[in-house]
Amino acid sequence: MSIARLARPEIRKLHAYDAAQQVDDTIRLNANESPVASKVGNFRRPLNRYPEVRPRNLQRALARRFGCGTEQLLVTRGSSEAIDLLVRTFCRAGRDTVLTTTPSFSMYRHYADVQGANVVEVATLAEDDFHIDVDAILAACSDATRLIFICSPNNPTGTILPAADLERLLELRGERSAVVVDEAYVEFSRTPSAIGMLDKHPNLLVLRTLSKALGFAGARCGAVAGPTDVIRMLNAVQAPYALATPVVECVEDALQDEQLAAAERAVERIVSERDRLIDAIGDFDFVRKIWPSEANFFLIEVDDAEKLMRHCADRKVLLRHFGGDLGNCIRISVGSAADNEQLLSALRSLRGS
Ligand SMILES: Cc1ncc(COP(=O)(O)O)c(C=O)c1O
């Protein structure tokens, strides 16, 4: 059985938007577009025309890159949009539940709140290195649990859910919940993508983004991979023409071999800078703990987070302090070697202050 049956009944019946036909070498008098091509920008496709309803070449290229079938993937406006589409597709307001671990990426809760879905949070603990406990997740599930979001590597802790634990969760929840693995940071980690498990686990969905390792946060492009019948439903919910022509062209260029090789070199540099920063920051006596990370950021605990944040901001370095359960923890994104030096220099002057 497919997890498509867990979707909202009205979405299961929904058809994709019936867009005006687009055929090359024809005169298009069917879409109320302007016949006048603008001279703005330097694009391969005319901006007076709508983009493709779904960017097929990009879909093929991303599916190839991520290692799934073209029909198993939907291109989205960042993976944020994929989270929104999933919640809107699977959750009835006031009835269905989204399960997340905490601390984690806040957009799972945000989109659940927008949809009016219930949220169940399973805490992971600092003293346990934010270990994601599959048994605790299973115990927190109910018949209403439609989506289980697992962020791996997790933002903001950098924690991984090992493949064996993920398999256990997938098997034990079976067709009762969709398990969504958010792999925004997977390129920085040693753990392989869960996309390789799609064919074995029909309740698995995987989110990917071009915002992090590929360096295209400004282009707003991501993807969700999963069973073809679920992807068809998400496609029906997504706005037509979601990916704008400039974005499609920019991402097509970003996926050329030379660009990909440059992105891979950048990931290597960021990972080595991360390890260098972690070593250097470990020497400061106001740093109580640094958690291991498989992402392009890491979490530290300090004596006085607010003081450190103020001190760094005064020296033009912004860090992220979440407060709440994360108390005196601060998340540090790894920058360029020069950025990281500026951070270290700010921290050195804090030691002396
Ligand atoms: C875990 C996680 N998922 C998804 C996103 C959203 O990324 P995108 O830029 O693809 O919308 C972020 C952004 O910070 C993130 O940390």
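Predicted model: local features only at pLDDT ≥ 70, side-chain atom pairs only at ≥ 80, totals over all residues.
**Ligand**

I started at N155: an N or O atom in its side chain sits 2.8 Å from an oxygen atom of the ligand. I'm calling that a polar contact, meaning a pair of N or O atoms within 3.5 Å; within protein, one must be able to donate a hydrogen and the other to accept it, and residues adjacent in sequence count only if both atoms are side-chain atoms. Then I looked at S80, where a side-chain N or O atom is 2.4 Å from a ligand oxygen. With S79 the backbone takes part: one of its N or O atoms lies 2.6 Å from an oxygen atom of the ligand. On its own the ligand exposes 390 Å², and the protein buries 91% of that (areas by the Shrake-Rupley method with a 1.4 Å probe; for residues, only the protein chains shown count as cover).

Numbering runs from 1 along each chain as its sequence is written, and side-chain values use heavy atoms, without hydrogens and water.

Who else is around the ligand? I found 13 residues surrounding the ligand, and the closest are S79, S80, D182, T209 and S211 (near means a heavy atom within 4 Å). Helix α3, residues 78-90, gives the largest share of this shell, three residues. Helices (H or I, at least four residues) and strands (E, at least two) are DSSP runs, numbered from the N terminus.

**Strand β7**

Next I checked β7, residues 222-225. Both faces are covered, with G222 and V224 buried on one side and A223 and A225 buried on the other. Buried is under 20% relative accessible area, exposed over 50%, partly exposed in between (1.4 Å probe, protein chains only). Strand β1 (residues 73-76) runs antiparallel to β7, joined by four bridges, and T76 stands opposite G222. Strand β6 (residues 204-209) is also antiparallel to β7 with four bridges; here L207 has V224 as its partner. Strands pair if DSSP finds at least two bridges between them.

**Helix α10**

Last stop was α10, residues 305-314, where A305, L308, M309, H311 and C312 are buried. Why are they on the same side of α10? Because they cover an arc of only 165 degrees around the axis, taken from the directions from the helix axis to the C-beta atoms. The face turned away carries exposed E306, R310 and D314. D304 caps the N-terminal end, with a side-chain oxygen 3.3 Å from the backbone nitrogen of E306.
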